[in-house]
Amino acid sequence: MRFNSYIFVFAFFPLVMLLWHGLCRSGWFLAAQIMLAGMSLLFYGYDHPEYLWVIGISVAVNWSVSALTQMADIRRGCRSRMGTALCVAGIFFNLGMLFYFKYYDFFVRNVNHALGTGWEQKQIALPLGISFFTFQQISFLADRMKREAGHTPIPGYLNFVTFFPQLVAGPIVNHRDLVPQFQKIRAGKTDVLRDAGKLESGICLFIAGLAKKVLIADKLGVMVDLGYADVPGLDSVSAFFVMLAYTFQIYFDFSGYSDMAVGMGRMLGIELPRNFDSPYKSRSVREFWNRWHMTLNAFFTQYVYIPLGGGRRGLAKKLRNTIIVFLLSGIWHGAEWTFIVWGLLHGAAVCGENFFRERFPVRDHDVHGVSAQRDPGGNSFSGISLSRIREKVQWFFTFAFVNLAWVLFRSGSMQEALRFYRRLFSFSWNGKLWELAGGMKASWNYVISFFVEKGFGQAGLQVFYLLLFLLMLAVPAFLCRGRNAFDVLSEQKLSGARLWLLGFLFAVSVLSFSGVTTFLYFNF
């Protein structure tokens with residue numbers, strides 16, 4: 001089931017809201033938990049019921065490991081070696097499960113290519129969200145191994161893993177952040193129906209995220225798909241716009257999902273972590289990763305980078321650990337060399353930034369890469385602050401790097417990515433852009449297209465589609481440079497004008513459900 005579907009918006013979620021708040025306010029919290037877990041599993045298995053056994057086995061094994069760890073510790077009266085060994089075994093089980101479903105065929109394919117063997121590929125279907133719910137359970141067992149998380153009864157654990165707003169595409173939630181919130185609801189300390197501000201912001205975030213997905217990401221995705229369907233036919237201009245369209249598509253698709261997840265969580269009384277903080281405003285690749293997919297970055301920092309030593313053991317080991325983290329991040333995103341190279345490129349860029357910061361420290365930047373002082377000496381050139389010029393240059397090169405790296409992320413193979421780069425830097429023009437702009441021909445602008453064609457002919461219609469395409473790029477560019485929508489919708493109360501705007505966006509988004517599309521991160 002998808003967030004951007006009629007059955008979810010008008011049936012599934014309203015029913016969950018009604019049952020959840022009704023049962024909680026009646027004091028039947030155990031029934032509410034069981035209902036929420038059951039509805040979450042229904043959400044997960046609605047389109048692919050065959051995946052339910054995968055998540056079922058995963059939850060059963062991880063919860064059993066936690067229970068056995070608890071029993072071993074109670075028997076010894078302290079932290080036991082048996083409990084630690086069980087947690088380690090459980091983590092390896094999770095990694096093995098992830099390897100089998102996500103990487104087995106990739107591994108066999110590359111072994112066959114390298115060694116000339118004939119091992120059979122199984123063509124294993126990738127279960128939805130397996131990377132997300134597996135990482136959440138790895139984090140839980142890692143915390144259990146350190147005894148930083150307690151054992152949780154099965155209804156609470158089920159809701160920790162399967163909570164439907166973030167089940168298939170995050171945010172990646174830590175056990176100690178989510179489970180205590182359910183306990184507060186049980187104790188009556190949280191009641192979102194009595195907190196108009198939280199309920200209001202939840203509705204606003206859901207509508208904003210829906211609009212990001214349906215009205216921006218999906219529309220740009222049409223041009224991106226057209227461009228990648230004929231990479232050899234692209235010229236430099238069309239390749240540039242396809243690259244830029246994908247840059248905005250993936251952000252507004254994934255950011256839209258995350259906003260909807262946080263919004264639904266708030267409507268249910270659960271606060272999920274934010275996953276984005278205006279990443280395209282970043283002035284370094286390191287800052288970009290502090291703002292993009294923040295929960296994944298936090299996971300790798302806490303469970304990989306810091307255990308490896310972080311940056312405490314010298315520059316060389318800091319750079320090594322950084323490369324390892326970004327290599328794993330690339331592998332996590334997909335079983336293709338394009339993702340691995342994409343991760344390594346980002347890792348190399350962050351290593352380069354770390355190296356130069358260590359060797360040539362810049363006074364007006366703090367440890368996170370965000371400007372701390374603004375040209376304290378008052379230096380300027382023709383009235384323009386030199387620090388402002390430097391910031392603009394840093395932003396430009398960071399944004400250009402991220403755009404170029406996204407080509408690898410979108411391409412189906414290294415060969416396709418290299419072909420795209422060759423077309424991008426061919427400095428050629430063959431008019432392909434007109435064909436791509438024709439992808440804007442859709443039912444939602446059919447009436448306007450009809451009158452444009454009647455008044456200006458086919459040539460005028462082509463110009464109209466091109467202008468519409470450029471507008472579809474200008475709008476997300478403007479939104480990315482403005483104030484973060486998450487902050488605006490979370491902090492400010494609804495005015496009459498904003499209420500009308502959100503109502504309009506919701507109505508237009510719902511009318512666009514005829515072409516329901518999946519979220520990009522469902523594939524990871």
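Me: Buried means under 20% relative accessible area. In this predicted model, does F288 count as buried or exposed?
Reply: The relative accessibility of F288 is 1%. The cut-off for burial is under 20%, so F288 counts as buried.

Me: How many aromatic pairs does the model hold?
Reply: Rings of Phe, Tyr and Trp pair if their centres lie within 6.5 Å. By this rule the count is 61.

Me: What is the geometry of the pair F254 and F276?
Reply: The ring centres of F254 and F276 are 5.1 Å apart. Their planes stand at 85°, and planes over 60 degrees apart count as edge-to-face. The pair is therefore edge-to-face.

Me: How far apart in sequence are the parts that F254 and F276 tie together?
Reply: F254, buried at 1% relative accessibility, lies in helix α9 (residues 236–267). F276, buried at 5%, lies in the loop between α9 and α10 (285–291). The pair therefore ties together parts whose separation in sequence is 22 residues.

Me: What kind of pair do F288 and W292 form?
Reply: W292 is buried, at 0% relative accessibility. The ring centres of F288 and W292 are 5.6 Å apart, with planes at 20°. Planes under 30 degrees apart count as stacked, so the pair is stacked.

Me: How is α5 oriented relative to α11?
Reply: Helix α5 (residues 130–145) and helix α11 (residues 294–305) have axes 12 Å apart, at an angle of about 30°. Angles under 35 degrees count as roughly parallel. Helix α5 is therefore, relative to α11, roughly parallel.

Me: Which handedness does the crossing of α5 and α11 have?
Reply: Residues of the contact include F135 and I138 of α5 and F299 and F300 of α11. The crossing of the two helices is left-handed.

How values were computed
Residues numbered from 1 in each chain as written. Predicted model: local features only at pLDDT ≥ 70, side-chain atom pairs only at ≥ 80, totals over all residues. Heavy atoms only, no water. Axes fitted to C-alpha atoms, helices over the stretch in contact; angles between N-to-C directions. Helix = DSSP H or I, 4+ residues; strand = E, 2+ residues; numbered from the N terminus. Parallel < 35°, antiparallel > 145°, perpendicular 65-115°, else oblique. Left-handed = near helix turned anticlockwise from the far one by under 90°. Contact = heavy atoms within 4.5 Å. Phe/Tyr/Trp six-rings, centres within 6.5 Å; stacked < 30°, edge-to-face > 60°. Buried < 20%, exposed > 50% of the residue type's maximum accessible area, 1.4 Å probe, protein only.
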